[in-house]
Amino acid sequence: MPIDIITHTEMCAPPQRPSPERPVTMIARDLQVDDTMRPHQHPWGQVTFALEGVLRVTVDNSSWIVPPLRAIWIAPQVVHEVTVLEKARMRPLFIAAERTPFAGQECKVLEVSRLLRELIVALGRLDPGEAAAREALLGELILDELARAATRPIRVPLPKDKRLKALCAALIDSPGANLTLEHWARQVGASERTLARLFERELGLSFGQWRQQVRLAHAAPMIARGMPLSRVAEELGYASQSAFSAMFKKTFGSSPSAFFADAAAD
């Protein structure tokens with residue numbers, strides 16, 4: 001499928017197709033809030049990354065929220081959709097299928113090291129007439145750095161049932177809402193027991209566990225922007241900063257400050 005961006009059509013130039021001679025290519029796109037790349041696929045892999053701004057990447061039954069210093073690996077032929085949540089300087093990498101740094105079809109959340117970020121910036125600054133040898137060297141370094149990148153389990157599974165989809169969409173838009181499952185049941189026209197059963201069957205999580213994943217996903221861009229943890233906790237519906245930090249550490253094995261130390265340093 002071709003890439004189809006709603007609004008800002010002047011930015012819709014087709015991507016530079018990677019090849020064995022050019023295993024890594026990139027196109028710079030500066031996008032506005034709510035710009036969307038409709039579901040599409042391509043024969044090469046993609047690293048979805050933004051120097052600034054926040055993106056949401058949706059693949060099949062999962063969604064990821066991507067702040068700066070994080071990226072999403074999307075394997076070749078995987079259908080994906082990208083939505084801009086905050087004005088973004090998008091710098092996607094296109095990776096030749098025969099040089100993919102990760103096996104399998106699963107998407108991965110990647111930590112973008114300072115070196116990888118600078119390599120991406122350098123690739124984007126190449127002049128069209130600049131030596132192909134430099135582009136090839138940057139590409140090889142990027143591939144090596146991608147293969148070494150740490151991965152993070154920030155994933156929000158999405159349902160297919162219409163009632164559950166309405167509930168989940170509302171919570172993704174307002175992650176700080178502390179409404180009970182009983183309240184949501186009245187809003188979407190299903191019993192509390194039915195919704196609880198659907199969460200377990202379609203998402204493999206309880207309502208509380210799923211809401212926690214949504215809040216973690218939203219916490220990432222907030223912390224990356226330097227928002228104080230006390231305000232992050234308040235925005236996401238936690239009674240205190242310590243309650244938020246305890247939940248975060250239980251999930252990831254480290255405090256929010258340690259987890260996002262690289263973002264804070266930058």
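This is a predicted model: local features need pLDDT of at least 70, side-chain atom pairs count only at pLDDT 80 or more; totals for chains, interfaces and linings use all residues.
## Strand β8 and its neighbours

Two strands count as paired here if DSSP finds at least two bridges between them. Four bridges link β8 to strand β12, residues 108-111, and the two run antiparallel. One of the pairings puts R70 with E111 as its bridge partner in β12.

β8 also pairs with β5, the strand at residues 45-48: three bridges join them, again in an antiparallel arrangement. Here T48 sits opposite I72 of β8.

## Both faces of β8

## Helix α1 and what covers it

Next up is α1, the helix spanning residues 114-124. Its buried residues are L116, L119, I120, V121 and L123. An α-helix has 3.6 residues a turn, so residues three or four places apart point the same way.

## E135, a buried glutamate

Is E135 buried or exposed? Its relative accessibility is 17%, and the cut-off for buried is under 20%, so E135 counts as buried.

The side chain of E135 has a polar contact of 2.9 Å with the side chain of R22. Leaving aside residues up to four places away in sequence, E135 touches R22, L123 and L126. L123 is one of the buried residues of α1.

## Where α4 meets α5

Finally, there's the packing of helix α4 (residues 181-188) with helix α5 (residues 192-203): their axes are 8 Å apart and the angle is about 100°. That angle falls in the 65 to 115 degree range, which means α4 is roughly perpendicular to α5.

Which residues make the contact? From α4 come L181, E182, W184, A185 and V188, and from α5 come E192, L195, A196 and F199. Sorted by type, the contact has seven nonpolar residues, two charged and no polar ones.

Technical notes:
Residues are numbered from 1 along each chain as its sequence is written. Side-chain values use heavy atoms; hydrogens and water are left out. Buried means under 20% relative accessible area, exposed over 50%, partly exposed in between (1.4 Å probe, protein chains only). Axes are lines fitted to C-alpha atoms, for helices over the stretch in contact, and angles run from 0 to 180 degrees between N-to-C directions. Angles under 35 degrees count as roughly parallel, over 145 as roughly antiparallel, 65 to 115 as roughly perpendicular and the rest as oblique. Contact means heavy atoms within 4.5 Å. Ala, Val, Leu, Ile, Met, Phe, Trp, Tyr, Cys and Pro count as nonpolar, Asp, Glu, Lys and Arg as charged, and the others, Gly among them, as polar. A polar contact is a pair of N or O atoms within 3.5 Å; within protein, one must be able to donate a hydrogen and the other to accept it, and residues adjacent in sequence count only if both atoms are side-chain atoms.
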